[in-house]
Amino acid sequence: MRYTVAFFAALTGLAACSSSAAPIYLKSGAGGDGSGSSWANACTDLQAAALLASGSRTNVVLAGTVEVKSSGVANFTVPVRILGGFTGYQDTLDAHDPAKRAVVEGRNVGKGIYLSATTGTTLIEDVEVKHMNGRGIEKANAGNLELRRCRIEDNGVGVNASQI
């Protein structure tokens, strides 16, 4: 069954996410150390980026198509900004291009993006989430979720978000 959802309107404000924190870079096929500190050292899957997200690193920037590996889930425990629209060379967060939407690919085994932050707002912008074995995006706690120019399709379930 196909689930396609496009979100163009903001559901909540973004006051809790800082845009000045050092981003976590995420790009399939990056050959560096996987630290997420630059495009050359980008993480190569969403779970690795989720493990790096913390109070001081809340911006996750994606280029191209990235995967949720095996049967895993990318669990973000703090409010984050997940931003697509990058080619893998930009130096600033505002240099992203909405026409170059990033893809989070589950290959029918990944379980998607899981948001367990209990406060604050998570923003997902210019990202397509598809082919997850479970939910494309799940927000489990009282934190807020804002989706901008996203496409969620061909997942077991599109978006499961209690308390939006």
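Contact here means heavy atoms within 4.5 Å. This is a predicted model, in which local features need pLDDT of at least 70 and side-chain atom pairs count only at pLDDT 80 or more, while totals for chains, interfaces and linings use all residues. Residues are numbered from 1 along each chain as its sequence is written, and side-chain values use heavy atoms, with hydrogens and water left out.

The pLDDT, the predictor's confidence in each residue on a scale from 0 to 100, averages 80 over the protein chain, and 83% of the residues score at least 70. Residues 1-19 fall below 50, although this stretch has 52 contacts in the model beyond near neighbours in sequence. Where pLDDT is low, the predicted coordinates should not be read in detail.

Next comes strand S3 (residues 59-63). Helices (H or I, at least four residues) and strands (E, at least two) are DSSP runs, numbered from the N terminus. Five of the five residues in S3 are buried, that is, under 20% relative accessible area, where exposed means over 50% and partly exposed lies in between (1.4 Å probe, protein chains only). Asn59, Val61 and Ala63 point one way from S3, and Val60 and Leu62 point the other way. Two strands pair if DSSP finds at least two bridges between them. S3 pairs in the parallel sense with strand S2 (residues 24-27) over four bridges, and Leu26 stands opposite Leu62. Four bridges also join S3 to the parallel strand S6 (residues 81-86), where Phe86 stands opposite Ala63.

The side chains can now be followed inward. A nonpolar core is a set of buried Ala, Val, Leu, Ile, Met, Phe, Trp, Tyr and Cys residues joined through side-chain atoms within 4.5 Å. The largest such core has 29 residues, and Phe76, Ile82, Val104 and Ile137 have the most contacts inside it. A second, separate core of 10 residues includes Tyr25, Ala63, Leu83 and Leu123. Not counting residues up to four places away in sequence, Ile82 touches Val60, Leu62, Phe76, Ile113, Leu123, Ile124, Glu125 and Val127.

Charged pairs complete the picture. The structure holds 10 salt bridges, each a side-chain nitrogen of Lys or Arg within 4 Å of a carboxyl oxygen of Asp or Glu. In one of them, Glu146 and Arg148 have their closest N and O atoms 2.6 Å apart. Glu146 counts as buried because its relative accessible area is 1%, whereas Arg148, at 27%, is partly exposed. Salt bridges that share partners join Glu125, Asp126, Glu146, Arg148 and Arg149 into one network.
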